[in-house]
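Biologist: I am new to this one. Please show me the structure, and then let us go through it by question and answer.

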Amino acid sequence: MNKKILIVDDDPRNIFALKLTLKARGYHIESSTMAQEAIEVLNKDNHFDVVLMDMMMPEMDGYEAIKMIKNTPSISKIPVIAVTAQAMPEDRQKCLDAGAADYVSKPIDVDLLMNAIEKLS
């Protein structure tokens with residue numbers, strides 16, 4: 001069974017690159033360019049193995065989105081990997097404090113990302 005990943009990023013180029021990389025490794029990918037839309041996707045289908053959440057997005061950022069996911073019982077168990085261009089140690093901690101299961105900084109190192117996904121799923 002293919003693992004299902006939801007990519008949430010306001011930059012379609014990031015989604016495109018991640019989709020190509022992950023599909024080539026056999027993952028089933030859904031994507032969303034807005035956090036609110038991603039939460040709606042998860043509420044309709046809670047069979048995702050992992051969510052890759054961009055932390056810096058307009059309207060609702062990744063921190064707020066992760067809190068909403070964690071506070072929604074039907075989807076709270078889906079692990080979220082924070083993906084952010086902010087790579088300071090305190091940023092990593094802020095992501096984990098918000099409820100992210102792991103953290104990967106941009107530009108994304110595919111090996112690190114794959115390790116993070118495999119650890120969680």
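Biologist: Where does Glu59 lie?

Modeller: This is a predicted model, in which local features need pLDDT of at least 70, side-chain atom pairs count only at pLDDT 80 or more, and totals for chains, interfaces and linings use all residues. Residues are numbered from 1 along each chain as its sequence is written, and side-chain values use heavy atoms, with hydrogens and water left out. Helices (H or I, at least four residues) and strands (E, at least two) are DSSP runs, numbered from the N terminus. On that numbering, Glu59 is in the loop between β3 and α3.

Biologist: Is Glu59 buried or exposed?

Modeller: Buried means under 20% relative accessible area, exposed over 50%, and partly exposed in between (1.4 Å probe, protein chains only). Glu59 has 73% relative accessibility, so the residue counts as exposed.

Biologist: What is the phi of Glu59?

Modeller: Most residues other than glycine have a negative phi. Glu59 is not a glycine, yet its phi is positive, at about 65°.

Biologist: Which pattern does the chain follow along the sequence?

Modeller: The chain holds 5 helices and 5 strands. Read along the sequence, they give the pattern β-α-β-α-β-α-β-α-β-α.

Biologist: What is the radius of gyration of the chain?

Modeller: The radius is taken over C-alpha atoms, and the globule rule is 2.2 Å times the number of residues to the power 0.38. The C-alpha trace spans about 30 × 30 × 25 Å along its principal axes. For 121 residues, a compact globule would have a value near 14 Å, and the chain agrees with 13 Å.

Biologist: How many of the contacts join residues at least 24 apart?

Modeller: Contact means heavy atoms within 4.5 Å. Take the contacts between residues at least 6 apart in sequence; the share that joins residues at least 24 apart is 61%.

Biologist: Which elements do the buried residues of α2 pack against?

Modeller: Helix α2 covers residues 35-44, and its buried residues are Ala35, Ala38, Ile39 and Leu42. They line one face of the helix, because seen down the axis they fall within an arc of 100°; the arc is that of the directions from the helix axis to the C-beta atoms. An α-helix has 3.6 residues a turn, so residues three or four places apart point the same way. The packing partners are β1 (4-8), β2 (28-32), β3 (50-54) and α3 (62-70).

Biologist: Which residues does Asn43 contact, leaving aside neighbours within four places in sequence?

Modeller: Asn43 is in helix α2. At 42% relative accessibility, Asn43 counts as partly exposed. Its C-alpha is 10.0 Å from that of Pro73, 30 residues apart in sequence. Beyond those neighbours, Asn43 is in contact with Thr72, Ser74 and Ile75.

Biologist: What covers the buried residues of α3?

Modeller: In α3, the buried residues are Gly62, Tyr63, Ala65, Ile66 and Ile69. They are on the same side of α3, because they cover an arc of only 165° around the axis. Their cover includes α2, β3, β4 and α4.

Biologist: Which exposed residues are on the face of α4 turned away from its buried side?

Modeller: Helix α4 takes in residues 89-98, with Asp91, Cys95 and Ala98 buried. An arc of only 65° around the axis puts them on the same side of α4. That side packs against α3, β4 (80-84) and β5 (102-105). The face turned away carries Pro89, Glu90 and Asp97.

Biologist: Which ring does the charged end of Lys94 sit over?

Modeller: A charge sits over a ring if NZ of Lys or CZ of Arg is within 6 Å of the ring centre and within 35 degrees of the ring normal. The charged end of Lys4 sits over Phe48, 4.7 Å from the ring centre. For Lys94 the distance to the centre is 4.5 Å, and the ring is that of Tyr63.

Biologist: Which residues does the cis peptide bond join?

Modeller: Most peptide bonds are trans. Pro107 is in the loop between β5 and α5 (110-120). Here omega is about -5°, and the cis bond joins Lys106 and Pro107.
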